[in-house]
Amino acid sequence: MPAPAATYERVVYKNPSEYHYMKVCLEFQDCGVGLNAAQFKQLLISAVKDLFGEVDAALPLDILCYEEKTLSAILRICSSGLVKLWSSLTLLGSYKGKKCAFRVIQVSPFLLALSGNSRELVLD
Amino acid sequence: MVRFKHRYLLCELVSDDPRCRLSLDDRVLSSLVRDTIARMHGTFGAAACSIGFAVRYLNAYTGIVLLRCRKEFYQLVWSALPFITYLENKGHRYPCFFNTLHVGGTIRTCQKFLIQYNRKQLLILLQNCTDEGEREAIQKSVTRSCLLEEEEESSEEAAETME
């Protein structure tokens, strides 16, 4: 007896999330340099403006949380601007004459994924 | 086959000041466009657009400019043109803006478009002119251009019938 025809439905998600979230940390060569949240954002925008100009410096970039002691932050950028932001963070070399570098710890299209990081997992 | 493809942007320089067009120079214009691209699109845009960039044709009387750029980055150049607001020459600043008329893949297509555009502009000038002497001069140019247009069409038809 032939099997009854089954109806299939295929759902394809290309990229359900329109934002990407990055966890970054700023490292200075000398210690004792502090930035508040506004200066941090100004540094990010000037990095993008240097490399990609005023048009891309106007991308909607948000700092969701910022820790002044460790200089680490969680950023949100629209998905089309992720590559531009990441490349301009890579090429940023100095802040007010002092050498620094951005370390990108985690990138994910979902904010929940940034809450746990298997690299920092401590096994007892 | 394998070759570098370009895009040619046909632009018109529009300005209130009549001295602005006369002070147009291809080096001045080239540096102005490059500076604007560097401001708008950063070091990446400046480097990408300046490889194949050249000012191919410049007419100081009508203010028509033909810019060449690589096909992959012509949108960066095109989007930076509206941000040019003034022309600086010998310490004088003339406010102006660029109107892009046509984007073509070859100089020949841009030239064909420019010929038709100029014919239409002559007719508009004829409607708007007030002086009798000017009117006669423009009417002569219009009839001359119509004769040339008929000659071109007949030569094209002759070529088609030959094939």
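**Helix packing within chain A and against chain B**

H1(A) crosses H2(B) with a left-handed sense. The model is a predicted one. H2 of chain B covers residues 26-50, and H1 of chain A covers residues 37-57. Where these two helices cross, their axes come within 5 Å. The crossing angle is roughly 140°.

H1(A) contributes A:Lys49, A:Asp50, A:Leu51, A:Phe52, A:Gly53, A:Glu54 and A:Val55. H2(B) contributes B:Arg39, B:Met40, B:His41, B:Gly42, B:Thr43 and B:Phe44. Sorted by class, the contact of H1(A) with H2(B) holds 5 nonpolar, 4 polar and 4 charged residues.

Chain A gives 7 residues to the contact and chain B gives 6 residues. Together the chains bury about 540 Å² between them. Carbon and sulfur atoms account for 56% of that area. On the side of chain A, 62% of the area buried against chain B comes from A:Phe52, A:Glu54 and A:Val55, more than from any other three residues. Between chain A and chain B the count of salt bridges is 0.

H1(A) also packs within its own chain. Its partner there is H2(A), residues 82-90. The two axes lie 8 Å apart, at an angle of about 130°. That angle makes H1(A) oblique to H2(A). The crossing of H1(A) and H2(A) is right-handed. From H1(A), the contact draws on A:Leu44, A:Ala47, A:Val48, A:Leu51, A:Phe52 and A:Asp56. From H2(A), it draws on A:Lys84, A:Leu85, A:Ser87, A:Ser88 and A:Leu89. By class, the residues of this contact divide into 7 nonpolar, 2 polar and 2 charged.

Charged pairs were then examined. Side chains of opposite charge can pair when their charged atoms come close. Over all chains, a search of the whole structure finds 6 salt bridges. One salt bridge joins the side chains of A:Asp56 and A:Lys84, at 3.5 Å from N to O. A:Asp56 lies in H1(A) and A:Lys84 in H2(A), so this pair ties together parts that are 28 residues apart in sequence.

Chain B contains 5 helices and 5 strands. Along the sequence these elements follow the pattern β-α-α-β-β-α-β-β-α-α. The C-alpha trace of chain B spans about 50 × 50 × 20 Å along its principal axes.

Note on methods. Residues are numbered from 1 along each chain as its sequence is written. Chains are lettered from A and ligands numbered from 1 in the order in which they are written. This is a predicted model: local features need pLDDT of at least 70, side-chain atom pairs count only at pLDDT 80 or more; totals for chains, interfaces and linings use all residues. Side-chain values use heavy atoms; hydrogens and water are left out. Axes are lines fitted to C-alpha atoms, for helices over the stretch in contact, and angles run from 0 to 180 degrees between N-to-C directions. Helices (H or I, at least four residues) and strands (E, at least two) are DSSP runs, numbered from the N terminus. Angles under 35 degrees count as roughly parallel, over 145 as roughly antiparallel, 65 to 115 as roughly perpendicular and the rest as oblique. A crossing is left-handed if the near helix is turned anticlockwise from the far one by less than a right angle, and right-handed if clockwise. Contact means heavy atoms within 4.5 Å. Ala, Val, Leu, Ile, Met, Phe, Trp, Tyr, Cys and Pro count as nonpolar, Asp, Glu, Lys and Arg as charged, and the others, Gly among them, as polar. Buried area is the accessible area (1.4 Å probe) that two parts lose on being put together, summed over both. A salt bridge is a side-chain nitrogen of Lys or Arg within 4 Å of a carboxyl oxygen of Asp or Glu.
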